[in-house]
Amino acid sequence: MKLIIENLKKSFDKKEVLKNINFEFKKGKIYGLLGRNGAGKTTLFNCLNEDLTIDGGNIYLEDKIKRKLEPEDIGYVLSIPNVPEFLTGREFLKFFIEINKDRIKKDKPIDDYFEFMKIDKMDRDKLLKDYSHGMKNKMQMLVNIIASPNILLLDEPLTSFDVVVAEEMKQMLKSIKKDHIIIFSTHIMELALDLCDEIVILNKGMLEQIPKDDLDDKELKTKIIEALKEE
Amino acid sequence: MIKSFITSFKLKNTYRVNSVIYSIRQFPFVKKILPNTLYKNKVLKIIGNIISVIIELCSIFLGKFLYLWLCIVSIVGLYKTNQATTFIHIFTFLTLAGAFLNTYMFNPTKDKYYAMMIMNMDVKNYTLSNYCYAMIKVFVGFLPFTIIFGIIYNIPLFISLLMPLFVICAKMCFNAYTLIKYDKSNLVINENTLTKTFWIVIIGLVVFAYGLPYLGLSINYFIFIIIFLVSLVLSIYSFIIIKKFDKYKSLYKKLLTNENVYAVENNNSAKTIKENTVKQITLDTNFTSNKSGFAYFHELFVKRHSKILTKAIKKQSIFIAGVIIVAIFLVLTNKDLAKQINSILLVYLPYFVFIMYMLNRGTTLTQAMFMNCDHSMLTYRIYRTPKVILGLFKERLKTLVFINLIPAILIGFGLVILLYLTGGTDEVLNYLVLFISIIAMSIFFSVHYLVMYYLLQPYNINTEIKSSTYRVVQMITYFVCYFMIDQKISTLYFGMGTIIFSILYCFISLVIVYRYAPKTFKIRI
């Protein structure tokens, strides 16, 4: 399965944020998306998620046949967690499981999902408005992977986690990557190098893959920085 | 000090001009024509400056005129006492109350925050120079109107001249008192969060202002002059205190907290609304639901928001029932009134458009829907599938219509009963039309608010309203309803018109929602 982006363009006023993006993301890999502040990483995600209408180009999903993206194809985890604060964690999950029931292969008790995400028993029936920032983030991540969307867009999702949880999440992402195309946007290069299989940089409105070749981490870092500095 | 004032004035003006340009950009279609760089456009800056001057002049003159007109002149005529002294009387007491409520100095506004906290301007220089300007504005703003109204009421000219001066003196006295208090106890008085004691004093003064003339009592020129002289002497002392006070910096550090500035500057700021809306969520542990999917989701939303939904409607209904019962009692005991109400009911149905508009919970509800629910849910792509959007729309529409129907039915019945008790009508159809048209109005507003919300979803991720079209529609709705207040049309015709219009509107708008909402209902970027 491949996510194919062809000639994607997006401008705001006269500023061309995404110039002419052509790229293929493949299933089974975690892509680390790096870019400088304001490079357009979130814009790219918003275009893929159809939050923004694109000015030109096409986005397809190819799995035996090539087709347009459906809403169910995408899970989008934002850096600021957004959860409905009037629900408890359990109710939120119940609702999500119900509206996705056609696509959830195995019927699992709700508590299994909480276990998977390591959310304490005590917290499961609290209102989400009383969850901490990190916990909200966990819930957001959980509902996004529950229905197993083909593509997972993660916009700096680990920054609000403490080191222990961040490590848990990294392992979790590695464990589910075989079934998904995961694009992971971050500013932290160490995280990208540690977690991601491929490094892609967004610079001057274009996407460019940085081949790892046989470089060690230090050489790769230098190469990425050089690429990002290019004007 | 003058330099400090000029700098601060420029800063305030830049901020205002940019706001003007920003607002211009918010008009439908304008944004597409005007680029982002237009903040440096000279012509627009000039236009912005002109509008800024107009706003400043309005704040100087128009505000004072409206205040005098609405709070005093329009009321003076209701009393049987001497008009001139009543005018002075109300003015004096309201000025004393205003000294607490409108200090300028203790109002934590954004321009003060920018200048003193962010730009680090000299606090004392800034405060004193701007305070002087504010007081001059008060004087200049009041003067022409105290003279004009003075001539109208035959008040001696020197009294008219003293009146604006009295306002300044009163304000200065309270300011000095606040500074002394801060000096002694380190407690800052924020004019927007006054303590109970102050409120008791203020209410007392307002009661004196409007109550005494009702009893035939009002202060005369002589007493006014005495009060003025006392305040003048005190204000000279106050002036020295204000000038000498040297803790402005620590005072403003306490006053200009983020929370204060946000709360005041914009009660409607996105942040405050969001925080207040979240506070409306209540958890009822005993609640269980046997529904599933979005029906379950929606039911939980309604239960957890009972404060602004069911409970609010309950209060509203009790109030309406009370008004109807009082009205029934009055028409049964007073035949003249009965006659008047009968004729009102047969021609003043348009007035009820405005009442139904005011009673409808649509705005509050759609706002809560966004702030506490859709704001987060719309970020999930699956929530934006047509099936979920339309399924939830249906559930919400049912709730909104149902909730608003309760007070509407009460009003409808109430009006029919009143019509019957006040002598009835030859045309029996009037009863039916009266009742159904009230119901139709209620349904219309419920549908209208929800449809607008789904088609124009105006909020962005920071819960700010970003759609100018939405604002314009809201304004038009308000003005149309307001315009209806004065209309006198036969209830039969207007009622039938309303019913037909409502049915057509609901039908057409629902068709549009089903077709377009899956595309339009998303977070604005």
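**Figure 1. The largest nonpolar core of the predicted model.** The largest nonpolar core in this predicted structure has 133 residues. Among its members, A:Phe92, A:Ile224 and B:Tyr383 touch the most other members of the core. The surroundings of A:Ile224 can be followed residue by residue. With neighbours within four places in sequence left aside, A:Ile224 is in contact with A:Leu34, A:Met189, A:Leu193, A:Ile199, A:Ile201 and A:Ile210.

**Figure 2. The contact between chain A and chain B.** Chain A contributes 32 residues to the contact, and chain B contributes 33 residues. The size of an interface is often expressed as the accessible area that is lost when the parts come together. Between them, chain A and chain B bury about 3,000 Å², and 61% of this area lies on carbon and sulfur atoms. Three residues, A:Asn82, A:Phe86 and A:Phe95, supply 23% of the area that chain A buries against chain B, more than any other three residues.

**Figure 3. Salt bridges and polar contacts across the interface.** Three salt bridges are found across the interface of chain A and chain B. One salt bridge joins B:Arg381 to A:Glu50, with the closest N and O atoms 3.0 Å apart. The interface of chain A and chain B also holds 11 residue pairs in polar contact, counting pairs in which both residues have pLDDT 80 or more.

**Figure 4. The side of chain A that touches chain B.** The elements of chain A that give two or more residues to this side are strand 6 (74-77), helix 2 (89-99) and helix 4 (133-146). Helix 2 of chain A gives the most, with seven residues. By residue class, the side of chain A that touches chain B divides into 15 nonpolar, seven polar and 10 charged residues.

Figure 5. B:Leu410 is located in helix 18 of chain B, which covers residues 386-421. Is B:Leu410 buried, exposed or partly exposed? B:Leu410 counts as partly exposed because its relative accessibility is 28%. Not counting residues up to four places away in sequence, B:Leu410 touches B:Ser317, B:Ile320 and B:Ile324. The residue B:Ile318 lies 92 residues from B:Leu410 along the chain, and the C-alpha atoms of these two residues are separated by 9.6 Å.

Definitions and conventions:
Residues numbered from 1 in each chain as written. Chains lettered and ligands numbered in written order. Predicted model: local features only at pLDDT ≥ 70, side-chain atom pairs only at ≥ 80, totals over all residues. Heavy atoms only, no water. Contact = heavy atoms within 4.5 Å. Buried area = accessible area lost by both parts, 1.4 Å probe. Salt bridge = Lys/Arg side-chain N within 4 Å of Asp/Glu carboxyl O. Polar contact = N/O pair within 3.5 Å; in protein donor to acceptor, adjacent residues only side chain to side chain. Helix = DSSP H or I, 4+ residues; strand = E, 2+ residues; numbered from the N terminus. Nonpolar A, V, L, I, M, F, W, Y, C, P; charged D, E, K, R; others polar. Core = buried A, V, L, I, M, F, W, Y, C linked by side-chain atoms within 4.5 Å. Buried < 20%, exposed > 50% of the residue type's maximum accessible area, 1.4 Å probe, protein only.
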